[in-house]
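Take a slow look at the protein below. Start with the whole chain, then follow the text to single residues.

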Amino acid sequence: MQLKIYNSLTAEKEIFKPILEGNVGMYVCGPTVYSNVHLGNVRTFLSFDFIYRTLMHLGYKVRYVRNITDAGHLTDDGNVENDRFVKQTRLEKLEPMEIVQKYTVDFHKVLEMFNLLPPNIEPTATGHIVEQIELTQKLIERGFAYESNGSVYFDVLEYNKRGLNYGELSKRNIEELFANTRDLDGQGEKKNPQDFALWKKASPAHIMRWNSPWGEGFPGWHLECTAMSTKYLGENFDIHGGGMDLKFPHHECEIAQGKACNDTAPVNYWMHANMLTMNSQRMSKSTGNYILPMQLVTGENDFFEKPFHPSIVRFCFLQAHYRSVLDISNDAMIASEKGFIRLMEAVKVLNSITPDDSKESGFNLEEWKNKCYEALTDDFNSPILIAHLFEAVKFIFALNDEKETISTKDLEDLKSTLNAFIFDVLGLQTIEENNNEKLDQTLKVLIELRNQARKSKNFELSDQIRDKLLAEGIELKDGRDGTTYVLN
């Protein structure tokens, strides 16, 4: 079957043709490590983890590059004080690289919890300052960039004058972009309002700064991805991914930088994961409709009635196509948990089935496998794949009830195929017995006994219950809404 990928650049599904047969170069925009990774980020990275796993399952050798932005993420090009790292260092009273280290560790911890495979290469912006300066110099030499007051900007109007098309990815009209631009602080340095920073002059108070031909400063956000993607994947590579919010201006700027530097489109297939909402509303700290990944797993939140194992969260996320908006709610998570448990029960049941070679199998295995691969190769359609897996689940329970039969050959084939889809491709993990519902109920009983001991001022017994559970790796947490537990 031919793999088809929806290309954001053409807004069409296209048959995937890698530059080098059997190989894939894939770059995904990573996190800006100035705060805890949020659940929407996890959804994006999990989507590309599924895509990465699928490509490898289909037989491709993949070089997966995902960057870490640890410098130069400006919210706009006007005021250098809008650098997110500058803001966070002031809030937390830490050095910038302390902020970077703290939240890079958090990022890796969270992604490991959700069973995401690490990329092959994870470069950082600060580790590629030299390459970014060289790219900036090249753009100046080619007439696509100019220096102004110690900063360097990409000349969008010049780019379009040469027959190129800034706006081709986001489908924005350059004249409309110029007409609708607001005046921002520092716009006086630019020739055109839509010009974007390649290098910014550092203010006296700006800690993250490097020497350059234009004075001390730091790189623009868009430049780092061009520098790192081309260094590790070449001037033209197969797939570039990221969240839908990065399409403009970030990815638009990457295309412009790549074409201006190398006279070639940097990427053949642009892929964008859609957003995550909660209770049908946009997740936002300002509105309070917001939850961190760890809070969903521990249950320490006001939105969900119980904790959910990371693998159940992963299963829930994969029930929506990566290009669709995914809405999570208490009901959605409960439904996903039930579906996940049934899927895992089927895997266990399948291992106990006795084959019967005297009869034909009651399940067309080849037809089922073809449908599963059709879903995988149709733009990585995880919800359709999962629907097909539950067709097999229904058959497995019918086998267990002796209402169906299966041959030895088909049984082994079904086992290996089902395991490959569930564990290798979807990346799900079994939940150990100590995380099941019985443990939850047992701990509720112990928590209630401890609460009763505290009410009767039997603090010795209360502390004993807490300490013995902690010794077994179960930490009780007392809060205003009661006592919860965390498995350490």
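Predicted model: local features only at pLDDT ≥ 70, side-chain atom pairs only at ≥ 80, totals over all residues.

The protein chain has 488 residues, and 53% of them count as buried. Its C-alpha atoms fill a box of roughly 75 × 70 × 35 Å, taken along the principal axes. The secondary structure comes to 16 helices and 15 strands. Now consider contacts between residues with a separation of 6 or more. In the protein chain, 73% of these link residues 24 or more positions apart.

How is the chain divided into domains? The assignment gives domain 1 (4-273), domain 2 (277-424) and domain 3 (436-487). The C-alpha centres of domain 1 and domain 2 lie 34 Å apart. The contact between these two takes 29 residues from domain 1 and 32 residues from domain 2.

Next, go inside. In soluble globular proteins, nonpolar side chains tend to be buried together. Here the largest nonpolar core has 90 residues. Leu55 and Trp368 are the residues with the most contacts inside this core. Both domain 1 and domain 2 supply at least three residues to it.

What does Leu55 touch, not counting residues up to four places away in sequence? The list is Leu3, Val24, Met26, Tyr60, Val62, Ile239 and Phe380. Trp368 leads us to another residue, His388, which touches Trp368, Lys371, Cys372 and Ala375, again not counting residues up to four places away in sequence. His388 is found in helix H13 (residues 382-400). With a relative accessible area of 12%, His388 is buried, because the cut-off for buried is under 20%.

Now turn to a site named in a record. UniProt, in an unreviewed entry, places the feature "binding site" at Cys29, Cys225, His250 and Glu254. These residues span 226 residues in sequence, yet no two of their C-alpha atoms are more than 11.2 Å apart, so they gather at one spot. Glu254, from this set, is part of the lining of the second largest cavity.

Look at two of these residues in turn. Cys29 lies in the loop between strand E3 (23-28) and helix H1 (39-57). Is Cys29 buried or exposed? Cys29 is buried, with a relative accessible area of 6%. Leave aside its neighbours within four places in sequence, and Cys29 is in contact with residues including Phe45, Arg66, Asn67, Cys225, His250 and Glu254.

His250 is found in helix H8 (residues 247-262). This residue is buried too, with a relative accessible area of 1%. Not counting residues up to four places away in sequence, His250 touches Cys29, Trp221, His222 and Cys225. The side chain of His250 also makes a polar contact with the side chain of His222 (3.0 Å).

The peptide bond from Phe248 to Pro249 is cis, with omega near 5°. Pro249 is found in helix H8.

UniProt also lists a short sequence motif, the 'HIGH' region, at residues 31-41 (unreviewed entry). Over residues 31-41 the chain is 27% helix and 0% strand. The end C-alpha atoms of this stretch are 8 Å apart.

Some loop residues deserve a stop as well. Asp263 lies in the loop between H8 and strand E10 (267-273). Its phi is near 60°, a positive value in a residue other than glycine. Asp263 is exposed, with a relative accessible area of 59%. Lys93 lies in the loop between helix H2 (84-92) and helix H3 (96-113). Phi of Lys93 is near 55°, also a positive value in a residue other than glycine. Lys93 is exposed, with a relative accessible area of 73%.

End with Glu305. Where is Glu305 found? Glu305 is in the loop between helix H9 (293-298) and helix H10 (310-318). At 60% relative accessibility, Glu305 counts as exposed, because exposed means over 50%. Glu305 touches Asn330 and Ile334, not counting residues up to four places away in sequence. The side chains of Glu305 and Asn330 make a polar contact (2.8 Å). Glu305 and Ile334 are 29 residues apart in sequence and 9.2 Å apart in space, C-alpha to C-alpha.

Notes
Residues numbered from 1 in each chain as written. Heavy atoms only, no water. Core = buried A, V, L, I, M, F, W, Y, C linked by side-chain atoms within 4.5 Å. Buried < 20%, exposed > 50% of the residue type's maximum accessible area, 1.4 Å probe, protein only. Domains from an automatic or database assignment. Contact = heavy atoms within 4.5 Å. UniProt positions renumbered as here; feature names shortened; annotations may be inferred. 1 Å grid on protein atoms, 1.4 Å probe; cavity = no way out; pocket = protein on both sides within 12 Å on 5 of 7 lines; lining within 4 Å. Helix = DSSP H or I, 4+ residues; strand = E, 2+ residues; numbered from the N terminus. Polar contact = N/O pair within 3.5 Å; in protein donor to acceptor, adjacent residues only side chain to side chain.
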